[in-house]
Amino acid sequence: MAQAKTLKVKKKRWIPIVAPQLFNNAFLGEVLVGEPEEAIGRDITVSLMVITGDPKRQSTHISFKIEGVQDGNLVTSVKGMQVLPNSVRRLVRRSKERVDDSFDIVTNDGKKLRIKPMIVTRNSTSRSICSKLKAKSRDYLIRALARSPLDKFVLDINSYKFQKEMAQALSKIYPVSICEIRSFKVIGTGTPPVLPPDPVDQPKEVAEPIEEPAEAKPVEEAVDDKPKKKSRAKKGKSEGGSEEPANEIEKSSE
């Protein structure tokens, strides 16, 4: 009789997944695997509200990639971020212009991203202005990320610091009400571009106030300003109100 083969069944267990150090190793979830190494390379997507505890960030989802095992936990790195389409549509109102763009960019630490910014103007404007805003936003992002690693970029987006600074730069062309990073995704590695030095904005020379010469007063006003000479006072009126010449008064006294 043939001997029955015994099958070895590996017992699976739940392995916790933690966020990178930039999010203080926050707990993301668990995965059921036989060995922790089996989960390396997998992706996990959670709401940013789960990590930060801010309800305003529930419409932003962030993706992580499991990189390895450390102290019994699965450690991850940031793979991408996306604002949900429903939330994006609510940002755009009537009588405004929406400017979208999509291009590849390399961060200071060599991460190649496909990034999609979105700009909403305060009022309806022309296509030429929208084209200038798109070109300015692309130049701003290339320069900013060439000097910043991915982790700092993610933190600045989470705190809205990056969006505010970008909106201030774009408002020099046309007033901007919303400046948002719709999504970005790590697609590989690359070499950050070598940038020319930023043009130094020379402060505008403030012209000293010119003292205007005092306006010459009209002749009549100039005469009026001088103290008036007292005219010879006429002698008083009679009780009836009629004036009597001085010589007549002298005769009557004689």
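**Notes on the predicted model**

1. Helix α3 has these buried residues: I129, C130, L133, S137, L141, R143, L145 and A146.

2. The length of α3 can be checked against its residue count. The helix runs over residues 127–146, which is 20 residues, and at 1.5 Å a residue it should span 28 Å; the C-alpha atoms at its ends are 29 Å apart, so the two values agree.

3. For the chain as a whole, the model has seven helices and nine strands. Of its 254 residues, 32% are buried. Among contacts with a separation of 6 or more, 59% join residues 24 or more positions apart. The accessible surface is about 18,500 Å², and carbon and sulfur atoms hold 50% of that.

4. The second largest pocket has a volume of about 260 Å³. It is lined by 15 residues, and those closest to the pocket centre are L91, Y160, I178, C179 and E180. Two or more lining residues come from each of α2 (85–91), α5 (161–170) and β9 (176–189). Strand β9 gives the most, with four residues. Sorted by class, the lining holds six nonpolar, five polar and four charged residues.

5. Is T60 buried or exposed? T60 has a relative accessibility of 5%, and because buried means under 20%, T60 counts as buried. This threonine lies in strand β4, which covers residues 60–70. Leaving aside residues up to four places away in sequence, T60 touches V46, S47, L48, M81, Q82 and V83.

6. Two asparagines deserve a look at the backbone. N24 is not a glycine, yet has a positive phi of about 60°; N25, also not a glycine, has a positive phi of about 50°. N24 sits in the loop between β1 (13–18) and β2 (27–33), and N25 lies in the loop between β1 and β2 as well.

7. How exposed are these asparagines? N24 has a relative accessibility of 61% and therefore counts as exposed. N25, at 38%, counts as partly exposed.

Definitions and conventions. Residues numbered from 1 in each chain as written. Predicted model: local features only at pLDDT ≥ 70, side-chain atom pairs only at ≥ 80, totals over all residues. Heavy atoms only, no water. Buried < 20%, exposed > 50% of the residue type's maximum accessible area, 1.4 Å probe, protein only. Contact = heavy atoms within 4.5 Å. Areas by Shrake-Rupley, 256 points an atom, 1.4 Å probe, with all protein chains shown as cover. 1 Å grid on protein atoms, 1.4 Å probe; cavity = no way out; pocket = protein on both sides within 12 Å on 5 of 7 lines; lining within 4 Å. Points joined across faces, edges and corners; volume = space filled by probe spheres on them. Nonpolar A, V, L, I, M, F, W, Y, C, P; charged D, E, K, R; others polar. Expected span 1.5 Å × (residues − 1).
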